[in-house]
Amino acid sequence: MSTAGYPSVYAVDTHATRPPVPPRLSQKGRRGDGVQNLLILLVSLALCGMAIEACFIYRLYQPAKTKTSASFSRQIAGTDDTSTTEIPILVIPPSKPVAHLTDGLDAVHGKTIMAWSMEADPLLHEMDYRNMSLIIQKEGYYYVYSKVSFFNTDHFNHSIHRNTERYAGKSIPLLLSNQNEKLKTRRSNSYLGGVFHLTKNDAIYVEVRNTQNVVKHKPIENVFGAYMI
C-alpha cells in the first residue's frame, strides 16, 4: 500500500525477449555424421592395405644376390670360385652333359688348333676340358657346334675333329668348312653343327688353317660346345 492509501501498481512488459533455446540435433544429422566417420575409417584402411601390398610386391621383385654366372658354371664343373660382382642367377642346373666354351685372353691357340678360355664364363657339366679338347664322360648322342670369326684370306678352313680310343692315333673329321676365295668384306665367320654318337673319353676339338687369322676382339666371336640330346 502507498502512503496515499492506493494499492501499488507494477508494469509488466510482455514483449521482452527471452534467451534463445539451443537447437536440437535431428536424428538425420546424427546419422549423417556417423556415415562420414565410417567412410573416413574405410578410406584409411584401404590406404594402409595398398601401402602394405606395395611393400610386399617390392620385396618380391627384388633380385636375390648370389654369385656370378662364371662361378656358377665352375660349380657345375665341380670347382668353386668367388667373385666380387653379384648378379642374379636365372639358370636351371643342366640335367644332361653340356659344354659351352668361348675365346678369351687366357686362351693360347696352337698353330692350327683352337684353345678356349677357362676365365670367360665357361660352362662345363659332366664334361672335361683338357689339351684344347672337350672330353666326353657319358656315351650318347651329342649336338656338336663351333663358330669361328676370321679375317678374310684366300684360304681358310674350319673343322671339328674327334679322337677316340677305338681308333687310336687317328683323328676323325666330323664337320668341315672351306673358304677358298677372298671375300669383299674384311671379316667373315664360319659355323659348324651336327649330331654325332660319342663314347666315353672321346676328345673333340676345333682346327683351323691358321689361328693367326682368327679374330679375337670379343669372346663371343669364337665359340665351341656340345650337349647331349
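Predicted model: local features only at pLDDT ≥ 70, side-chain atom pairs only at ≥ 80, totals over all residues.

Modeller: First, the setting. The protein has two helices and 10 strands. Along the sequence the pattern reads α-α-β-β-β-β-β-β-β-β-β-β. Of its 229 residues, 31% count as buried. Take the contacts with a separation of 6 or more: residues 24 or more positions apart account for 69% of them.

Now the strand itself. E5 spans residues 140-151. E5 pairs with strand E8, residues 187-198, in the antiparallel sense. That pairing runs over 12 bridges. Tyr 145 has Gly 225 in E10 as its bridge partner.

Stay with Tyr 145. Its relative accessible area is 11%; the cut-off for buried is under 20%, so Tyr 145 counts as buried. Tyr 145 also belongs to an aromatic cluster with Tyr 143 and Tyr 227.

The model holds four aromatic pairs. One of them joins Trp 116 and Phe 224, with 5.6 Å centre to centre and 35° between the planes, a tilted arrangement. This pair links distant parts of the chain. Trp 116 sits in the loop between strand E1 (98-102) and strand E2 (123-125), whereas Phe 224 lies in E10, 108 residues apart. Both residues are buried. For Tyr 143 and Tyr 145, the ring centres are 6.1 Å apart and the planes meet at 25°, so this pair is stacked.

Next, the core. In soluble globular proteins, nonpolar side chains tend to be buried together. Here the largest nonpolar core has 29 residues. Leu 134, Val 144, Ile 160, Ile 204 and Phe 224 have the most contacts inside it. E5 supplies the largest share of this core, four residues.

Leu 134 shows how the parts meet. Beyond its neighbours within four places in sequence, Leu 134 is in contact with residues including Ala 99, Leu 101, Leu 124 and Met 127. Ile 204 and Phe 224 are also among its contacts, and both are on the list of residues with the most contacts inside the core.

Arg 162 stands opposite Ile 204 in strand E9. E9 covers residues 203-208 and pairs with E6 over six bridges, in the antiparallel sense. Both strands belong to an open sheet of five strands, with antiparallel pairing and the order E3-E4-E9-E6-E7. Its edge strands are E3 (127-130) and E7 (171-179), each pairing on one side only. Neighbouring strands in this sheet are turned by 20° against each other on average, direction ignored.

Ser 159 has a relative accessible area of 7%; buried means under 20%, so Ser 159 is buried. Its side chain makes a polar contact of 2.8 Å with the side chain of His 161. Not counting residues up to four places away in sequence, Ser 159 touches Leu 175, Leu 176, Leu 192, Tyr 205, Val 206 and Glu 207.

Conventions: Residues numbered from 1 in each chain as written. Heavy atoms only, no water. Pairing = 2+ DSSP bridges. Core = buried A, V, L, I, M, F, W, Y, C linked by side-chain atoms within 4.5 Å. Buried < 20%, exposed > 50% of the residue type's maximum accessible area, 1.4 Å probe, protein only. Contact = heavy atoms within 4.5 Å. Polar contact = N/O pair within 3.5 Å; in protein donor to acceptor, adjacent residues only side chain to side chain. Phe/Tyr/Trp six-rings, centres within 6.5 Å; stacked < 30°, edge-to-face > 60°. Axes fitted to C-alpha atoms, helices over the stretch in contact; angles between N-to-C directions.
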